[in-house]
Amino acid sequence: MRDIEQLSDDEKRIRAFLETHLVDDDGLVLSHVNVDTLKPWTADELAPYAAPDLHFSNRERFHEVLAYENTLMATGEYASSQVARFEATGEPDALVAAARQVNAILGVYREGEWHEKGYLPKPHGGMTRARLSHQISPDQYIKCVVALMDFRPHASPSQRRTIEAYLVATADYFLARNFTHPWRDCVMVTPRTIFHSLSLYVPMLRIAANLTGEQRYLDALRVMSDPLDTFLDENRRQPVYGVFNICSLLIEGFHLAITEGDDDPRRRECMNIIWELALSLIQDDGSAIFADHQPLFTSRVLRLAPLAPWVETYFPDSDATSKALDILRGIRDPLKMLYFYDNTNGHELPAEDAYQGRSICETSVSGWLLGYWRLRSRRAKRENGGRSTSV
C-alpha cells in the first residue's frame, strides 16, 4: 500500500479546519456551512434562493434546518474517525475527541426522549431545539449507531450501559412502528419504499438481539428479505440517486450487521453492486459527478474512502485501498469539499439549489478524516498482529 502517512499534514489541517469551523458548542458537526463566511447560512444570505420543497414544513426556519440537516451523519463519522485514530496511534486526545462527539449524539438521543426513547431527531436549530424536530432519517441514525458501536469498547461501564440502552431502544422504536415513518412530511419510509433504510434496520436488529438475547429482533429480519431481493433483481447496474451517500450507508450498515453475526450472502452482493455503481461516477481525471443524469461535479466521492477496508475484506481483488488513496489525494482542501461545483462541465445547479454550490459538505470533510484513519488503523493492526496500537 502506498504510504498513507504522506497525507499526515493534510489530515492535521483538515481536522483543525473541522474543529475550528464546523463543530458547534455542543459538539455537533454543522451542516452546509457557507464557504464564503465559514459560518452557517443566515436567513438573509439564503433569501435569494427558494427553499427546496423537501423542506417546506420548516420553510420559515430554513437556515436553522440547513445548518443541522446532515449533522448527525457527520458527527458520527467524526467520532468514528477519532476512535480509529486512537486505535492507530494510541493518542489519548483522539479518544477525548471521540467522546465529545459521542456525548453530542447521546445528547440528541436524550432530547428525543422527550418524545420517546430511541427517537433520534435531526437536531434542526441545534441541541436546544432538537426535541422540537419531527424529522428522522435512517441515514443519520446508522452513522450514529456505527459511532456508538465503535466507541463502546472504550467507554466506561456506565457510559457503555447508556449506549447499549439507546441502541436497544432504537430497535424498539422502529419495531413499534413496523419500520415505517414519514420523511420530510412527503414520503413514507418503509423497507420497500426506501431500500437503503435496510442499512439501519438490519444491523440495528442484530445488535439488539445480541445485547438482549431476545429472538423477536431476529424474527423481525424477515421483513427485510423481499426488499433486498427486489434491489438485487431490478436494480443491478442501474442509476441510483445520491449513490455516494447510498454506498456509504449500505456498506457501513451491512458490514456492521455481518460483524454482529449476519450471514446472509445477499448483503455482500448488494455491497459489491453499489460499490461498482459509485466507482462508475469517477471520471478519468479523478473527479466525480453526482449522477449520470445530473453530471455536476461533487466532493461527495470522499464518502467512498472510509469503505475501502470493508470492501477489501469481502472482495480482496477490488484494489479498494488504492482507490481510496487516490480519492483522498484528489481533494485535500476543505474549502473545495463542496456539495456541488456549479457552472462546470456545461451544467449548472437549478437556481433554487445554487446555495449548495457554495456550501461545504460536512460528510465530505468527516469522510476524508474517517477514510484516512481507517486506513491507518488497519495498517497498525496488521503491523501489531491484529491488535490496535492503543492496546
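Is Trp41 buried or exposed? With a relative accessibility of 7%, Trp41 counts as buried (buried is under 20% relative accessible area, exposed over 50%, partly exposed in between, with a 1.4 Å probe and protein chains only). This is a predicted model, where local features need pLDDT of at least 70, side-chain atom pairs count only at pLDDT 80 or more, and totals for chains, interfaces and linings use all residues. Residues are numbered from 1 along each chain as its sequence is written, and side-chain values use heavy atoms, leaving out hydrogens and water.

On to the rings. Rings of Phe, Tyr and Trp (its six-membered ring) pair if their centres lie within 6.5 Å, and planes under 30 degrees apart are stacked, over 60 edge-to-face and the rest tilted. That rule gives twelve aromatic pairs. Trp41 and Tyr355 have ring centres 6.3 Å apart and planes at 80°, so this pair is edge-to-face. Tyr355 is buried too, at 2% relative accessible area.

Phe179 and Tyr201 make a tilted pair, with 5.1 Å from centre to centre and 55° between the planes. Phe179 is buried at 1% relative accessibility, and Tyr201 is buried at 0%. Both belong to a cluster linked by ring pairs, which also takes in Tyr109, Tyr119, Tyr141, Tyr166, Tyr173 and Phe174.

Charges turn up over rings as well (NZ of Lys or CZ of Arg within 6 Å of the ring centre and within 35 degrees of the ring normal). Within the cluster, Tyr166 has Lys117 over its face, 5.0 Å from the ring centre. Elsewhere, the charged end of Arg300 sits over the ring of Phe340, at 4.7 Å from its centre.
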